[in-house]
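This report is written for a reader who is new to the structure shown below.

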Amino acid sequence: MFEKSTWIRLPRNVLVGHEVLEKTVDAVEELHLTGRPLIVTGEIPREVAGNAVRKQFEDRGHDPAEVLVEEASFAAVQRVIDAAEAADADYLIGVGGGKPIDITKMAADERGVGFVSVPTAASHDGIVSGRASVPEGTTRHSVAANPPVAVIADTGIIADAPWRLTTAGCADIISNYTAVKDWELARRLQDVTYSEYGGALSRMTAELLVDHAGSIKQGLEESAWIVVKALVSSGVAMSIAGTSRPASGAEHLFSHQLDRLAPDAALHGHQVGVGSIMVEYLHSGEHGEWRDIRDALAAIGAPTTAAELGIDEATVLEALTTAHEIRDRYTILGNGMSEPAAREAAEFTGVI
Ligand SMILES: NC(=O)C1=CN([C@@H]2O[C@H](COP(=O)(O)OP(=O)(O)OC[C@H]3O[C@@H](n4cnc5c(N)ncnc54)[C@H](OP(=O)(O)O)[C@@H]3O)[C@@H](O)[C@H]2O)C=CC1
Ligand SMILES: O=C(CO)COP(=O)(O)O
Ligand SMILES: [Zn+2]
């Protein structure tokens with residue numbers, strides 16, 4: 001008897017492009033989101049987009065409330081929930097980089113209200129996905145939440161954001177190559193549920209980004225367009241799969257472990273990119289495609305070595321040998337790498 005079922009949660013209105021910020025209220029009204037919005041933003045994102053969004057809602061008679069997010073933490077999520085209660089807000093709008101977007105996503109999920117994502121930087125695929133990542137003490141929680149009902153990604157604003165945020169977004173996409181390989185391996189070895197559509201979309205997204213790597217240049221709005229479209233596509237792959245598997249394999253475990261061992265040393269996307277070089281080497285050996293991944297990262301201007309990440313050799317080796325302990329997700333790391341094997345992979349690929 002056929003008993004499979006799936007529930008795919010996707011954003012409904014996705015606006016990407018030149019001056020789409022001006023269409024924020026239209027996108028919200030079209031969704032029949034009514035009542036009072038709470039705008040959740042950071043200091044810089046408020047200047048580059050938040051104030052304009054607030055004025056747009058005021059001009060259309062929506063009486064928006066606002067709260068500032070300074071750090072990514074569970075306390076910040078609670079402050080936003082409290083602010084939403086105090087303002088009697090009916091839906092939440094996150095305006096900023098990954099920090100305000102994640103906090104808003106979690107607060108909206110907790111309150112059971114709609115969440116609109118207005119990214120001001122294309123630093124990772126969390127701007128469109130149903131996952132949030134929150135540090136707590138020496139650990140980091142990757143939590144599931146509802147994805148945004150709408151995404152408004154203004155490529156003019158994103159093109160003006162610090163370039164390193166954009167190269168981090170590119171590297172997060174390039175890492176899909178190894179994430180899908182790990183997922184396929186887990187299917188073969190552990191009978192893990194696999195989605196052909198989720199896997200194919202994720203791999204194709206990475207391929208398209210690499211094909212366009214030559215046109216991804218600082219200050220070009222077209223570059224922001226290419227990167228945001230890829231981040232949306234990657235987020236959709238995760239929604240189709242109902243897991244972050246299409247975009248998160250051993251290279252993400254490595255990055256999550258670096259977050260514990262060397263908090264705030266480097267951006268998420270940059271860490272997973274470097275991880276992806278080594279994980280590809282583990283999958284396909286010395287003649288495999290790890291050089292293609294390294295060269296694509298280098299072409300975009302993303303780090304390819306531990307030194308470029310600002311992380312020392314010992315920390316890289318510790319992260320590699322302990323990454324498998326992070327979560328119950330089978331990858332090429334299996335039950336763990338020995339120190340000599342980790343050193344061999346990191347040295348052969350030139351990461352250390
Ligand atoms: N959901 C997911 O799947 C994932 C979530 N994350 C989470 O995302 C966060 C990291 O995201 P990231 O975007 O790198 O970090 P931030 O949101 O902290 O943004 C990085 C910096 O850039 C500033 N900024 C944002 N937009 C602009 C702009 N247009 N122009 C100039 N400066 C700008 C921010 O200002 P300000 O400080 O004023 O806001 C901040 O100082 C972390 O909290 C991490 O845990 C990471 C990976 C995956
Ligand atoms: O960063 C992600 C995908 O790019 C999310 O993955 P995690 O589930 O590992 O947090
Ligand atoms: Zn990622």
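His256 counts as buried because it has 22 C-beta neighbours inside 10 Å; a residue is buried if 20 or more other C-beta atoms lie within 10 Å of its own, exposed if 12 or fewer, and partly exposed in between, with C-beta atoms placed from the backbone. The model is predicted: local features need pLDDT of at least 70 and side-chain atom pairs count only at pLDDT 80 or more, while totals for chains, interfaces and linings use all residues. Residues are numbered from 1 along each chain as its sequence is written, and chains are lettered from A and ligands numbered from 1 in the order in which they are written.

His256 belongs to helix α10 (residues 250–261); helices (H or I, at least four residues) and strands (E, at least two) are DSSP runs, numbered from the N terminus. An unreviewed UniProt entry places the feature "binding site" at Asp125, Asp172 and His256; such annotations may be inferred rather than shown by experiment.

Asp172 is part of helix α6 (residues 163–174). The table sets out two of these residues; contacts leave aside neighbours within four places in sequence, and two residues are in contact if their C-beta atoms, placed from the backbone, lie within 7 Å.

| Residue | C-beta neighbours inside 10 Å | In contact with |
|---|---|---|
| Asp172 | 35 C-beta neighbours | His124, Asp125, His268, Gly269 and Val272 |
| His256 | 22 C-beta neighbours | Arg140 and Ile326 |

Six strands make up an open sheet with parallel pairing, in the order β1-β8-β5-β4-β2-β3; two strands pair if DSSP finds at least two bridges between them. At the edges are β1 (13–17) and β3 (65–68), each pairing on one side only. Inside the sheet, β5 (residues 114–119) and β8 (residues 150–154) pair over two bridges, and Ala150 in β8 is the bridge partner of Val116.

Helix α3 (residues 74–87) packs on the sheet, where it touches β2 (37–41), β3 and β4 (91–96), and its direction makes about 150° with that of β2. Helix α4 (residues 98–111) lies across β2, β4 and β5 and runs at about 165° to β4. Axes are lines fitted to C-alpha atoms, for helices over the stretch in contact, and angles run from 0 to 180 degrees between N-to-C directions.

In helix α15 (residues 339–348), the residues Ala342, Ala345 and Ala346 are buried. Seen down the axis, the buried residues of α15 fall within an arc of 95°, so they line one face of the helix; the arc is that of the directions from the helix axis to the C-beta atoms. Pro340 and Glu347 are exposed on the face of α15 turned away from its buried side. The cover over the buried residues of α15 includes α11 (268–284) and α14 (313–322).
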